[in-house]
Protein chains: 2
Amino acid sequence: MAKNWAQPVTTALRADSQRIADLDTSSTPGFAGDKQQGQTLLSERGVVLSDLQERLFANGRTGDKRSVLLVLQGMDTAGKGGIVRHVIGSVDPQGVDHTSFGVPTEEEKRHDFLWRIRKRLPVPGQLGVFDRSHYEDVLVARVHELVPRAEWEQRYDKINAFEREVADAGTTIVKVAMFISLDEQKRRLHERLERADKYWKFHPGDITERGYWPEYQKAYQAVLERTNTDYAPWYILPADHKWYARLAVTELLIDALTGLGLDWPPADFDVEEQLRRLDAS
Amino acid sequence: MAKNWAQPVTTALRADSQRIADLDTSSTPGFAGDKQQGQTLLSERGVVLSDLQERLFANGRTGDKRSVLLVLQGMDTAGKGGIVRHVIGSVDPQGVDHTSFGVPTEEEKRHDFLWRIRKRLPVPGQLGVFDRSHYEDVLVARVHELVPRAEWEQRYDKINAFEREVADAGTTIVKVAMFISLDEQKRRLHERLERADKYWKFHPGDITERGYWPEYQKAYQAVLERTNTDYAPWYILPADHKWYARLAVTELLIDALTGLGLDWPPADFDVEEQLRRLDAS
């Protein structure tokens, strides 16, 4: 087990049949340390993650078809961007395929909802990161009835079939749903309104969305019940504590990469022969 | 002027009419400090770069069309990957569009050489990074006569026209040609053959390419003479010292971003009104 953890992070956070409405968003499941220990650990474990990611990248360069995909979901201010900066930021940018999915463009709307997602799947050796994803199509689309119920109802099965296909093609999928409390969101939105360097992150619509909190919880609950599979598991991440959220996602990625059993790729050439050639060159 | 620099990095490295063959690849133009000062400075300046990049990103989110594109060229082992990891790695992955251009695919070969490049241009607010680029089409393509002379001869003008168009559309282009000595390359290739965790970076063809060193120098010389424009300047980077190369590229990017005069975007909403709405929510 990873240092300072009383329980493996995968066990502590794996979605089961929890009620989202009952979640203590300020909890730190599985972690036995305090904030300071968590922060120290984050930088230590970032090095481990970076090493594992380089192995994935190296193997991708030498024919291995595998990749890893981190799917991040969460309400506004839940901290998805912080995960990207502080967790994904610890690995080599060469090995990262990051995509932030916003409101679909007109072209994207003319296609099936998975069309734009497929285009951004990580290629072999890459660590893909989706900041929001196809789950928006059963979250905001459901809450605001952007499509008829009959349509979003079918999407859960379509998502499962899609993720099965992606997993079968060699992508390890790690889905993280980040939850903060309504109060914590208020605090974070306040900060965006109080600092001129944060205004750009604020949209008046963010406040409007707060009025739909129960509907979003219901929509998230359905996602967690209907798309939590062995080949694409959901992890429920209490995210009021940013340090914990970042550490937990680091550990989830370390677990996923460790599971691939990655060694450095062997030489596909005769090392001695190449050393002789090199010395003669 | 930046701390520890005797001369602005842009002046010290700007391509003029230098002979590549005469370049001292172990020099550290413009920098007045030593290795340790350089390394300390790199982490300090990485924070400055990261702050500027976030401003670029923020402005991109609020309608500003500008972006920055770093083009990295250099022989095998010149350290392009190290620049990506250690310089680009200091900024938020959300704001980076990184592309590594390898041997063109069959589909890419059927198109004009700039086709695949255009597709990867940074969108507004992004820091684009090209690890190799359209310049391969006048470097390896010229050295190995992959296309007839009449064809690559035309490409310099095409490249200038293309870069003019990209610059006019709001992209600040920074082109860096990294040079190491033939001996330094031998040392670096040796390392790749001596460490099992580096084998994947080695290709027997890298040694073959060493036999074409003078031809590559000539091809680089032509690039620097024919595509060094005000709107897409070349910087000649002696790269035997990795710490210097990384620091210098950091400073070049800081200079490019500073030149954009980026403030935090103003609020496009009434802050007081939104605070009231938030408190009532």
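These legends walk through a few close-up views of a predicted two-chain model. Local features need pLDDT of at least 70, side-chain atom pairs count only at pLDDT 80 or more, and totals for chains, interfaces and linings use all residues. Residues are numbered from 1 along each chain as written, chains are lettered from A, and side-chain values use heavy atoms, with hydrogens and water left out.

**View 1. The annotated span in chain A.** The UniProt record, an unreviewed entry, puts "domain: Polyphosphate kinase-2-related" on residues 35-257 of chain A; such annotations may be inferred rather than shown by experiment. The end C-alpha atoms of that span sit 25 Å apart, and the span is 52% helix and 14% strand (DSSP runs: H or I of at least four residues for helices, E of at least two for strands).

**View 2. How the two copies are related.**

**View 3. The contact between chains B and A.** Each side brings residues to the contact: 45 from chain B and 45 from chain A (heavy atoms within 4.5 Å). Because 100% of the interface residues of chain B are also interface residues in chain A, the copies meet through the same surface. Together the chains bury about 4100 Å², 63% of it on carbon and sulfur atoms (accessible area lost on being put together, 1.4 Å probe, summed over both). Arg85(B), Trp200(B) and Leu278(B) supply 18% of the area that chain B buries against chain A, more than any other three residues.

**View 4. A charged pair across the contact.** Arg85(B) and Glu54(A) join their side chains in a salt bridge at 3.6 Å, N to O (Lys or Arg side-chain nitrogen within 4 Å of an Asp or Glu carboxyl oxygen). The count between chain B and chain A is 4 salt bridges. By class, the side of chain B that touches chain A has 21 nonpolar, 12 polar and 12 charged residues.

Conventions:
Buried area = accessible area lost by both parts, 1.4 Å probe. Nonpolar A, V, L, I, M, F, W, Y, C, P; charged D, E, K, R; others polar.
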